[in-house]
Amino acid sequence: MKESIGNEGLFEGNFDDFPLRAALRKGIAQAGYERPTLVQSKTFTPIYEGRDIVVQSPTGSGKTAAFLLPLAAKITAAPQPEESVAVPSVLVLAPTRELAGQICSECQKLGHEAGLKVLAVYGGASLERQIEGLRRGAHVVIATPGRLKDMMQRDVFKPASIRHCVLDEADEMLSKGFWDDVLHILDALPSQRQLLLFSATLPQQIRQACSYLMRDPVHVDRGDEGTPPPDVTHALYVENDAWPKPRNLLYVLELAEVSQGIIFCNRRDETELLERYLSNFAYRARALNGDMPQHVREQALDSIRDGKLDFLVATDVAARGIDISSLSHVINYGLPESEEVYVHRTGRTGRMGKKGIAVSLTRTKDFAYVDRLKSGFDLHFAQHRFPPEQEILARQSERVLKVLGAQARHVECGQYLPLATAMLGNNQAAAAVAFLLRSYYVAQGSQRASTAQASDRAGRHPSDAKRAAATKTTPAGGSGGARRGGSSQSSSRSAGAGRSREPRVPTRTETPRPNQSNPPAHKPIRLYINLGKNDGFAHLVSLAYAMSERSEVDLGKFTGVGNVREQSSHVEVDADCAQKVITALSGQTHEGKTITCQLAHSARGAPGASFSSGRSRRTRPRI
C-alpha cells in the first residue's frame, strides 16, 4: 500500500478525528498543537492499527508527532496496573543526542497529562542515571544506538518488552555508520514488533533495506524522490578570492540581514574559529560540534531557542531533526558532501509553514554540485555577487553602532561624551575607534572563553575524569577513541566528517571559470610553531586566537585547519600573511619558552624552509 502526500497544504483534518483519551488531548493543547499536519493525518490510522510504515516527508512537516501521537494513544488506551513499574513498549532510535533529547521533550509534553513515562538514553550523559531511570520505569525509551547497545550488553535494557520501534531519520539510521548497531538492536527485538521508518529522504538502498526489515509496510510519501523544504528560498554567494573565507561569510551575514540562523561547517575546528571571529564583530555566536561535552551542546541549543544568540556555528550534528522554529536563515559555510545532507541542513528553516532562506558560500568548483541539486530536487537558486566593500562596511558600521548604542544606554558614560565628540573631528579618530573596538571584543571573547571553561569543569560528571585520563594514553596524532559515552557509531561516522568533497568539474553549460593562472593571495599555507598542549593550548582555535593577537593578523586569515600536539603544532594561514605571522612570532617568548615559527615541512620549497624573519632561530625539530 502506498499513499502520496501532495503539496496542497500543511494541515489536514482535526485532532477530534483521532481516538485519543481526554488527558492526551489536553497534552496536545498544552503543546500548542491546533490541527494535525498532513503527514500526521495520513499516518495515524496505519500506525494505530499496528502496520509497519515507511514515511518520507519534508523536514518541518511534523514527523515527530506523527509517530508519537498514535503510539501514545495505544499506550494510554491500554489499562495500566496501579503501583507497577512501567515497562518499555516503545523504542525510538535517533542518530544524534540532540535529536533524541528533542523527541523526549516532545513526548513528555504530549504525554504528561496522560501519565506517560519517557526516558532518553544517549552518550555524553550519566549512564548510571539512565540505568536508574529504567529501574524506575518508562513506557517510551528514546535512544542513540551506541548507548542503547551498551546498555543491552550490560543486561540493563530488556528488548523483549518492545512492541513498537521507530527509526527517526531512517536514511541516517540505516546508513553504513549505523547499520551494524541498528541491525543488532532490531534482531534482539521480538519478531512481532511493529517497525516505523521516518525520514525526509529515502535513497534507493534504504528502500531496499525496508523490504528486508519490514512486513508488508505502508508507504507514505510525496510521490517524488526529493523532499526539500517547500517554504525555503535558496541563494548562492560566489566567494571573492581577494578576501579570506571568514570575511566572505561575515559580509554575507551583513548583506543577508539575518535575524537568527545556523551556520553549517564541514569541520569541527571551523565552528570554534568562526565563533571567535563573528564575536569580534558584535555577533552573538556559539559553536556546536560533536567534540563538546553534552551539557555545553544543550546550553547552546537552549540559548538560541531563548533568543540569546544570533547564530549557532555547527557541524551536521545539528542538522538531524533539531527544531528551532525562530530560525530565519541557514548558511552553508561549505557545501556538504551529499545532496541529501543539503536538504536536511536547509530544513532547519522554513518549518511548519514559515518562510526561510538558505544561503551558501560557493566557488566555481561547486557549480556541478548545484546543478545536481537543481535537477535532483527541483531547487531554484538566486545567485549573488558581492557589492563594493565600502557598501558592505557601511552596513556593518550601522549594525555595530546599533549594538553598541543599545549597550551604552545601560552604562553611565556621559562624562566621556564631550571627549568622544571632540575626538571625532581628529584625523586619528578612526585608529582610536579601531583600537577600542578590538580591545572591547577581544575582552568579551576572553570572558566568554573563561565562562565556558568554568561551565565545562562544573558540568563534568565524575566518570568524565576517568575517560579523560584514558584519552591521554592515546598515541600522538590519534583521535582519542570514540566520543564520550562510548557510542560505537561515533568513530565510524566521524572518520568522514572532516573530509572535504572532491572538486567538482563544471559542465559545458555552466558559468566558465575565471582566469586562475595567478593563484589568489590568500591561498592557504601551513606553519610550524613550537607551542602545543603542554603550553596551555588545548585546541587549535585557542592557539590561532593567540597567534592572531600576538601578530596583529586578522583572525580570519587563519583557516581553521591544522593540529595541536603536545609540544608543537601546525596552523594553516593565508599565504599573504604568513610572512607577517612568522616575523612577529619568531623570537617572542611564551611562559619563558622562545617561540619558533616557520613554514611547515610540507609547505612549498625545500623541507624545513622558512621565510626570513631577520631573527636567529633554532633548527626546527623533526615532527
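Ala, Val, Leu, Ile, Met, Phe, Trp, Tyr, Cys and Pro count here as nonpolar, Asp, Glu, Lys and Arg as charged, and the others, Gly among them, as polar. The structure on display is a predicted model, in which local features need pLDDT of at least 70 and side-chain atom pairs count only at pLDDT 80 or more, while totals for chains, interfaces and linings use all residues. Residues are numbered from 1 along each chain as its sequence is written, and side-chain values use heavy atoms, with hydrogens and water left out.

**The whole chain**

Begin by displaying the protein chain as a cartoon. Its secondary structure comes to 21 helices and 21 strands; these are DSSP runs numbered from the N terminus, with helices (H or I) of at least four residues and strands (E) of at least two. Of the 623 residues in the chain, 51% are buried (under 20% relative accessible area; exposed is over 50% and partly exposed in between, with a 1.4 Å probe and protein chains only). Contact means heavy atoms within 4.5 Å. Among contacts between residues at least 6 apart in sequence, 76% join residues at least 24 apart.

**The largest cavity**

Next, select Phe67, Leu68, Leu71, Ala72, Val90, Val92, Cys107, Leu116 and Val140, which line the largest cavity. Helix 3 (63-77) and strand 3 (90-93) each give two or more residues to this lining, and helix 3 gives the most, with 4 residues. By class, the lining holds 9 nonpolar residues, no polar and no charged. The volume of the cavity is about 40 Å³, and a search of the whole structure finds 1 cavity of 30 Å³ or more.

On a 1 Å grid over the protein atoms alone, a cavity is a set of points where a 1.4 Å probe fits but cannot get out, and a pocket is an open set with protein on both sides within 12 Å along at least five of seven lines; lining residues have an atom within 4 Å of a point. Grid points are joined across faces, edges and corners, and a volume is the space filled by probe spheres set on the points.

Ala31 sits in the loop between helix 1 (22-30) and helix 2 (38-48). Apart from neighbours within four places in sequence, Ala31 is in contact with Lys109 and Leu110.

**Histidine 234**

Now select His234, in strand 9 (residues 232-238). His234 counts as buried because its relative accessibility is 4%. Its side chain makes a polar contact with the side chain of Tyr342 at 2.8 Å (a pair of N or O atoms within 3.5 Å; within protein, one must be able to donate a hydrogen and the other to accept it, and residues adjacent in sequence count only if both atoms are side-chain atoms).

**The second largest pocket**

Helix 17 gives the most to the lining, with 11 residues. The lining has 29 nonpolar, 7 polar and 5 charged residues.
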